[in-house]
Amino acid sequence: MDRKLDYYLDGVSSVAISGHLRPDGDCVGSTLACYNYIKDNYPKVTVVVYLDPMQDVFEFLPGAKNILHDRYYEEPFDLFIALDCADIDRLGKSRACFDDARHTLCIDHHVSNKGFADENIIEPSWSSACEVLFTLLMENKISKNCAICLYNGIVHDTGIFQYACTSRQTMNIAGKLMGYGFDFTKLVDSTFFAKTYEQNRVMGKVLLDSRLYFDGRLIVSVLSREQMNEFEVDGRDLEGIVNQLRVTRGVLVAAFLHEIEGGYRVSMRSNGPDVSAVAVKFEGGGHVRAAGCSLGRDIDTELPKLLNQIHMVISDYNG
């Protein structure tokens, strides 16, 4: 890439950074990596990160304690950087800062991103927003704090380097980041594998209630709000469940639905078929093998519609 992040930071005095609603490992990692890079190299620049509340496992990341969940600054920012966000509406509360900013930049890797900022750097075939961001940073200016956050994002969006989005470039970047001397094994264990007692219990419930469709090529499970209350979990505790469904032998697509205000949130994972094509039918988005959307409250009506769309992409798949 010809232009580095430093090009966009030239002459600015204030920067707002944000990512998508319900931030995952890549969203948290990329926003905090960007935050640390600016804090380390541009100490006179005011920089803030706006995100929804995240999983507790990411609170150890450098800068996480400084994340804001509401808009506290009334003056427009010189630059707004959106990371790992495929659609302007997924910025949530930080949308107001985006609209008011003097200049906007989007750094992303979602195939469904059509480019909503003044300038957009989108690499749909790359593993993560953190991988895209790394190529925009001056390597000699990357600190250990920044490297930890970048590695966290790459690890989570590649499923610890096992997903098809993992490339030679991904591995080369990860290798460089490991050279900064942090405990990458502990990072993976604590943020990817470790689960609370409540998370393990609700995952067991989801697996027990799952159903196979289309000769075992699709697996689906639905979790109601009442069940979430029973197991004392919220949306942040459900990370990783859909991936566990995906590794069921013979399955091409896994779909996990959990109830949210006004309807159901759908997470889909694929072993081949393009689930992003399903997501866009329901005004969602994502990647070929990992996508999401929302359905209405009437699950008995909405679920058959989803199953029909998934059936079509499975039927068209020739892998």
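Here are my entries, starting with the ground rules.

**Ground rules.** I am working with a predicted model, where local features need pLDDT of at least 70, side-chain atom pairs count only at pLDDT 80 or more, and totals for chains, interfaces and linings use all residues. Residues are numbered from 1 along each chain as its sequence is written, and side-chain values use heavy atoms, with hydrogens and water left out.

**The sheet.** I looked up the strands (DSSP runs of E, at least two residues; helices are runs of H or I, at least four, and both are numbered from the N terminus). Five strands form an open sheet in the order E2-E1-E3-E4-E5, with parallel pairing; two strands pair if DSSP finds at least two bridges between them. At the edges I found E2 (46-50) and E5 (119-122), each pairing on one side only.

**One pair up close.** E1 (residues 14-18) and E3 (residues 79-83) run parallel and are joined by four bridges. I noted that Ala16 has Phe80 in E3 as its bridge partner.

**Two helices.** How do H2 and H5 pack? H2 (residues 25-41) and H5 (residues 144-157) pack at about 160 degrees, with axes 7 Å apart. Axes are lines fitted to C-alpha atoms, for helices over the stretch in contact, and angles run from 0 to 180 degrees between N-to-C directions. H2 and H5 are therefore roughly antiparallel, a label for angles over 145 degrees, with under 35 roughly parallel, 65 to 115 roughly perpendicular and the rest oblique.

**Helix on sheet.** I also saw that H2 lies across E1, E2 and E3, running at about 160 degrees to E1; contact means heavy atoms within 4.5 Å.
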